[in-house]
Structures are given as structure tokens and as C-alpha cells.
Amino acid sequence: MSTSTTASVSTHILDTSVGRPAEAVAVHLSARSGPDADWQALGGSATDADGRCKDLPALPEGTTHVRLDFDTETYFAKKQAAAQQDAPALRDSENSRPVFFPEVSIAFAVVPGEHYHVPLLLNPFGYSVYRGS
């Protein structure tokens, strides 16, 4: 939760290829205290069954920029493995190609006292993000 001296961040992921939340996606949070400062890794979490990350670390005082890194490769690889198990004929087909976006990194500016909810709409060949509420 944000205070008057810090901002706070939350996120969720919707897999638009299936119209469902993306579960078990690793999310890492980094912050910096100015556009030229180095990124400081703060920790991470993973999305729950509702596609939400509810326990991201708090931002340190003085944070001006935040970066969320999503491990999309592992998520899509698990989905692909499950599909191949259900349909063994897909195992050697062109559907077993590498993930196009192995990771998604979103950097954005923050101001103290504000909460930033950043949803990720994800599919195997594209993504979009926005500032939610």
C-alpha cells in the first residue's frame, strides 16, 4: 500500500488467447530513484489462479521508476506441454515452435502517494498494458 512518501504497485495478467487469467507467471519487481540510476531488484512473486500478483514487495522511498518483468516463456512452455500431452499429434508439428516473447518488461514512472495497477493482456504473439485502477 502506498504512503505519502512511496508509491505502490500491483498487476494481473489475462491470457487473451484463451480469455482466462494467466496463472503461475513469475513477476519480478525493480525500482530506481531517477532516470539515470541503476535498477534495484526488489523481489518478485507469481500470479495466482485469478492472474493477480497480490504480494509484490513495497517500493523504497525515493522511487521514481518501476519495472515489472514477466516470465512469459515459462508460462507458454507449460501451456504448450499441456496441449501436447492432450494431443500427442501436436508434439512434432509447427505448433511446437519457440515462444515469440520470452519475457515482457514494462517500465513506468511513479510519484509518491499513488497506487499503480498495471494489467498485462497477453497472447502468444502480442501483448498490451495500461494503467488500471
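Modeller: Start with histidine 117, which is buried at a relative accessible area of 7%. Buried means under 20% relative accessible area, exposed over 50%, and partly exposed in between, with a 1.4 Å probe and protein chains only. This is a predicted model: local features need pLDDT of at least 70, side-chain atom pairs count only at pLDDT 80 or more, and totals for chains, interfaces and linings use all residues. Residues are numbered from 1 along each chain as its sequence is written, and side-chain values use heavy atoms, with hydrogens and water left out.

Colleague: In which strand does histidine 117 lie?

Modeller: Strands (E, at least two residues) and helices (H or I, at least four) are DSSP runs, numbered from the N terminus. Histidine 117 lies in β8, residues 115-117.

Colleague: What is histidine 117 in contact with, leaving aside neighbours within four places in sequence?

Modeller: Contact means heavy atoms within 4.5 Å. For histidine 117 the list is Ser10, Thr11, His12, Arg52, Tyr130, Arg131, Gly132 and Ser133. Take tyrosine 130: it is 13 residues from histidine 117 in sequence, and the C-alpha to C-alpha distance is 8.4 Å.

Colleague: Which side chain makes a polar contact of 2.6 Å with that of histidine 117?

Modeller: A polar contact is a pair of N or O atoms within 3.5 Å; within protein, one must be able to donate a hydrogen and the other to accept it, and residues adjacent in sequence count only if both atoms are side-chain atoms. The 2.6 Å partner is serine 10. The side chain of histidine 12 also makes a polar contact with that of histidine 117, at 2.8 Å.

Colleague: Why does serine 10 count as buried?

Modeller: Serine 10 counts as buried because its relative accessibility is 15%, and the cut-off is under 20%. Serine 10 sits in strand β1. Beyond four places in sequence, serine 10 touches Cys53, Leu56, His115, Tyr116, His117 and Val118.

Colleague: How many residues has the largest nonpolar core?

Modeller: A nonpolar core is a set of buried Ala, Val, Leu, Ile, Met, Phe, Trp, Tyr and Cys residues joined through side-chain atoms within 4.5 Å. Here the largest has 25 residues, and Val9, Leu68, Phe70 and Phe108 have the most contacts inside it. At least two core residues come from each of β1, β3, β6, α1, β7 and β9.
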